[in-house]
Amino acid sequence: MAMTVELPALERTDAMTPRASSARLRRYARPALGLLLPVGLAALWELLVWLGTTGPHGIPQPIWDWLKWVGLPNGRLVPPPTRIFATIMELASSGELSRHISATLTRVAAGFGLGVIAGTILGAVSGYWGLARQLLDPTVQALRAIPSIAWVPLFILWLGIFETSKIALIAVGVFFPVYLGVMGAILSVDRKIVEVGRTFRLSGPAMIRRILLPAVLPAYVVALRVGLGLGWMFVVAAEFMGASEGLGYLLIDGQQLGKPAQIVAAIVIFAILGKTTDWLIEIATAPLLRWQDAFGRQSGAN
Amino acid sequence: MLALERVGKTYPNGVHALERFSADIRLGEIVAIIGGSGCGKSTLLRAIAGLDRATTGTVTLDHTAITAPHAKIGIIFQEPRLLPWLSVADNIGFGLSELPANVRREKVARALARVGLTDKANAWPRELSGGQAQRVAIARALVPQPEVLLLDEPFSALDAFTRRDLQDHLLDLWNDTRPTLILVTHDVDEAVVLADRVLVMRPRPGRLFEEIKINLARPRDRNSPLFDNFKRRVLTALDRSLDRNVPDADAKSTAGEAMWW
């Protein structure tokens, strides 16, 4: 379908009339396609719980036994989507939800920002200067081999149990994929393209700005998205280690007080926030990557 | 004038690619360098471009020694090497960043029109065919008006028809400002169509074997007997250059690989 999108202007006008409407339909239908699976699963879940609450009438005995065994019939441990939604609305109306979300978002944003800055600078330095790479990279790689959660006790001792240690943990998680992504991208920039810069006698800074930066951008965006994913992963770990607010706190609170609906609600919100922030990166960088000649474009990445 | 004086190159891996190559090339001349693989053609060109330094000898352009890329020397590679993140117009204007924007735009527009790609000004390089992309590369190299333009097998990746088309086109463009053209090729036809002088090289180590002047008026008729005559002369010289030392297959392949760099 990207074929229609990528036709040069002249040919596009010809192709427009018969195919435009179906192309437009498909463009809007495509995001909806992604919703099909979660919505379908939720409906199925709801249906199963509803079947359970109506009792065993009309359901074959083995299926009923299985439903009971899973715990669906009363929906207590497996809350149906409607109850999860109600929980979310309840949390939202009391203003609690926004407090938790903003606490978590702030931590992720701060940790992600710090991790990206450090990862980008160090990654760029060790990608660009061979000496720096030889000095720096083995140590960074060794640090990377440490499970980041292992830092938690140390961070708590050093930085206290409040925000600083949490943000530090997230930043550590974000740092490594960004560092690796930037360094790898710089090292794999096509020598032939760099040579074009040399024949036009670009100075060091100009070479970075006009050749290296655009060349590493696609890989950098991927590194940012991986880093962000890890940021969301580590914020939960950080909030498990003692927080009075945040989505991670909602999880722990739901477990300790036996509120599965609250746990699933927090999980759903994590999914929505994670997907949204990832999508924001994608949207924000898409104009910079329009030039790419890649498989992803043809299978509809735009 | 471009003076090559006993230019030699030995790569760090020990490959002796080029030995004592000397030639004087005057402004506006078109010189084709031809030879079997591994005879140091690309090495020589890269030394003239200042991309690699010769291990012995000197390259001088108007009494300036060339040790690094020079403003008056442009190069066109075998592949177009366009920057994929710049539009066609921005690619052509890549070497003009010091000029004010309006002058640059005007020069780019003229170059686009000259290579017949005005309608592709805002296209991405990925949207071009191979021949179009190479035309953009030619425009990019010519727009800063170099005195010397180096071409490293520029049309070898194109089909025969497009190649002929671009050869004529190149001559046409050359006629605008008449820079020196130094063309590395392994296509005898191409050498005879374009060049005033064909330098035949012989391999291992690469050095000058024979020099053939092509005294044919332009435009040249590819089907004329005179043209054939020159072609045969170049071909025989090429044959003799290779027959001198019967190559063993291994040496040939390793030397050839080194040349691709």
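**Exercise 1.** Which residues in helix 11 of chain A meet helix 12 of chain A, and which residues of helix 12 do they meet?

*Solution.* The model is predicted. On the side of helix 11 of chain A, the residues are L247(A), L250(A), L251(A), D253(A), G254(A) and Q255(A). Their partners in helix 12 of chain A are P260(A), Q262(A), I263(A), A266(A), I269(A) and F270(A). Sorted by class, this contact comprises eight nonpolar, three polar and one charged residues.

**Exercise 2.** Determine the relative orientation of helix 11 and helix 12 of chain A.

*Solution.* Two packed helices are described by the angle between their axes and the distance between the axes. Here helix 11 covers residues 247-256 and helix 12 covers residues 260-285 of chain A; their axes come within 7 Å and cross at roughly 160°. Angles over 145 degrees count as roughly antiparallel. Helix 11 of chain A is therefore roughly antiparallel to helix 12 of chain A. The crossing of the two helices is left-handed.

**Exercise 3.** Apply the analysis to helix 9 and helix 10 of chain A, and identify the residues through which they touch.

*Solution.* Helix 10 of chain A spans residues 204-240, and helix 9 of chain A packs on it at an angle of about 165°, with the axes 10 Å apart. By the cut-off of 145 degrees, these two helices are therefore roughly antiparallel to each other. Their crossing is right-handed. Helix 9 of chain A contributes I193(A), V194(A) and G197(A), while helix 10 of chain A contributes M207(A), R210(A), I211(A) and A215(A). The class count for this contact is five nonpolar, one polar and one charged.

**Exercise 4.** Describe the contact between chain A and chain B.

*Solution.* Chain A supplies 12 residues and chain B supplies 16 residues. Within chain A, helix 9 (residues 191-199) gives the most to this side, with six residues. The side of chain A that touches chain B consists of six nonpolar, one polar and five charged residues. For the complex, the predictor reports an ipTM of 0.79 and a pTM of 0.75.

**Exercise 5.** Characterise the fold dimensions and the confidence of chain B.

*Solution.* Chain B has eight helices and 10 strands. Its C-alpha trace spans about 55 × 45 × 35 Å along the principal axes. A compact globule of 261 residues would have a radius of gyration near 18 Å, and the 18 Å of chain B agrees with this. The mean pLDDT of chain B is 82, with 93% of its residues at 70 or more. Residues 245-261 of chain B have pLDDT below 50; beyond near neighbours in sequence, this stretch has 18 contacts in the model.

Methods:
Residues numbered from 1 in each chain as written. Chains lettered and ligands numbered in written order. Predicted model: local features only at pLDDT ≥ 70, side-chain atom pairs only at ≥ 80, totals over all residues. Contact = placed C-beta atoms within 7 Å. Helix = DSSP H or I, 4+ residues; strand = E, 2+ residues; numbered from the N terminus. Nonpolar A, V, L, I, M, F, W, Y, C, P; charged D, E, K, R; others polar. pLDDT = per-residue confidence, 0-100. Axes fitted to C-alpha atoms, helices over the stretch in contact; angles between N-to-C directions. Parallel < 35°, antiparallel > 145°, perpendicular 65-115°, else oblique. Left-handed = near helix turned anticlockwise from the far one by under 90°. Rg over C-alpha atoms; globule rule 2.2 N^0.38 Å.
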